[in-house]
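Visitor: Could you guide me through this structure?
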Amino acid sequence: APTPTPARHDTPIEALRTVYGYDAFRGEQAAIIDHVTAGGDAVVLMPTGGGKSVCYQIPALVREGTGLVVSPLIALMHDQVDALRANGVSAAYLNSTQAAAERAQVERDYLAGRLDLLYVAPERLNTSATQALLQRGRLSVIAIDEAHCVSQWGHDFRPDYLGLGDLAERFPGVPRLALTATATPATHREIAERLRMPQARHFVASFDRPNIQYRIEPKVEPRKQLLAFLRAQPEGAAGIVYALSRKSVDQTAQFLRTQGIDALPYHAGLDAGVRAAHQSRFLREDGVVMVATIAFGMGIDKPDVRFVAHIDLPKSVEGYYQETGRAGRDGEPSVAWMAYGLGDVVQQRRMIDQSPGDRTYKMRLGQHLDAMLALCETVGCRRQNLLGYFGQGADPCGNCDTCLTPPETWDGLVPAQKLLSTIVRLQRERGQAFGAGHLIDILRGARTERIAQQRHDELKTYGIGADLTEQDWRSVIRQLLARGILVAQGDYGTLALSEASTGVLTGSTPVALRRDTLGRGGGGVSSRG
Ligand code: ADP
Ligand code: ZN
């Protein structure tokens, strides 16, 4: 396609209206754009979907020269450039997937001043050929997207980002913006330091979504719980139910349909035509419930999604925040609901163990999961926990399940000791390890075939936990796993002790557990009956 000629825009608001068709800036967009357009550097922290792109695109449209965008995600680069071109903006990219002739054309366009925006991957930007090319043209602004990748202590460190600090000397006088959706205050300072932006103004948007009510309940009978949740929603409300696997998406959608709910499946395994039809029904009609894998939702513009339900545990708090954030874009009251249980923890630990990455990679996944579990098991305000994860302080919100019905805690030290000593005995005396189900049978003194076969009724701990129900025990085990006092191993999720178990066995580590409640509307019913 021929490169469109760059159009000059007089003011940011004029560019917003003519290029994007939006009426007004949102949040801090106007302040950021004014600051950068006037030549200032900026570090911007804004949640995903907050509208970061226009913060650098508009200064590039208003200032003389080409805006350089450093972006690590090649797929996203394609999408952005296509979208910009569709809006009549003269945009292009340079990356490794490109044919030589195409690259040469982009280079000519840049040098001739025909580009408003040029996207470049960091590894390409660090080559001397690209540096020389950029020096010969004229840059209006430099945007560094996913700027947290420069942090060596963060989750997504990319060595290529360290080279970006040199841009300060190479292009003096060109304003720079570093943008990210995830950064603690410490990472923020690190970004400014490593990218050499000491004078940058910091813009930190709030991650709070006050109209979303957060609710997380233990998974006991997932289908029944989901159905009760959906039936409690207002007539005609549209929402998304997220599940982890395609199979679970298909089965859940089918089940909901038999229950009279207008549910549709959506995942990458479905035919493109079916996916498009389901998506368009969800966007256009009232009361459609989309049952989907996380493939669904990116770039979906439906402001009146009233609820997002998770029937499987998300892998990270970032993921949870992004998915639940699709609810209530119109600012009206909305609900983020989730059911999660022992099985989720075991499954995700197994997936991490079996993932192909190296030790550091697995450790990082483990940290993500731990933060997610901490959010699930907190006895404090969910919102406070969630915002705290993003480095933002907040008061208890009054609009989450734990604020509305503060959970009770109970002393779980003795049950925890009973469980841990059962595991120790089995290991020492028999060289055996088991999953949660069989351990609970031993503790509760059940008479199963397996117990008889293995003569586990002869263990000293047989029947010492009969005072708790099976559900109570599952809750204990789930919480011990969540805190790393227990670990789940192998394909069958057999339970084993960790370093943290010692303190519990000796009684020096207190074990305050959350008493599980099953949400019914606003209130809560104890699962202990
Ligand atoms: P981010 O990069 O922060 O995740 P985007 O820049 O992709 O977010 O913007 C998210 C969505 O919001 C996009 O669909 C974008 O077009 C839209 N958007 C951005 N700014 C505005 C605005 N001022 N008014 C309305 N919609 C906007
Ligand atoms: Zn709260």
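Guide: The conversation below concerns a sheet and a pair of helices. This is a predicted model, in which local features need pLDDT of at least 70, side-chain atom pairs count only at pLDDT 80 or more, and totals for chains, interfaces and linings use all residues. Residues are numbered from 1 along each chain as its sequence is written, while chains are lettered from A and ligands numbered from 1 in the order in which they are written.

Visitor: What is the order of the strands in the open sheet of six?
Guide: The order is E8-E13-E12-E9-E11-E10, with parallel pairing. Strands (E, at least two residues) and helices (H or I, at least four) are DSSP runs, numbered from the N terminus, and two strands pair if DSSP finds at least two bridges between them.

Visitor: Which strands stand at the edges?
Guide: Strand E8 (212-218) and strand E10 (263-266) do; each has a single partner strand, so one side of each is left without a neighbour in the sheet.

Visitor: How many bridges join E8 and E13?
Guide: E8 and strand E13 (residues 334-340) pair in the parallel sense over seven bridges. Tyr214, for instance, has Ala336 in E13 as its bridge partner.

Visitor: Changing topic, at what angle do H14 and H15 cross?
Guide: The axes of helix H14 (residues 342-354) and helix H15 (residues 359-377) cross at roughly 165 degrees and come within 10 Å. Axes are lines fitted to C-alpha atoms, for helices over the stretch in contact, and angles run from 0 to 180 degrees between N-to-C directions. H14 is therefore roughly antiparallel to H15, a label for angles over 145 degrees.

Conventions
Angles under 35 degrees count as roughly parallel, over 145 as roughly antiparallel, 65 to 115 as roughly perpendicular and the rest as oblique.
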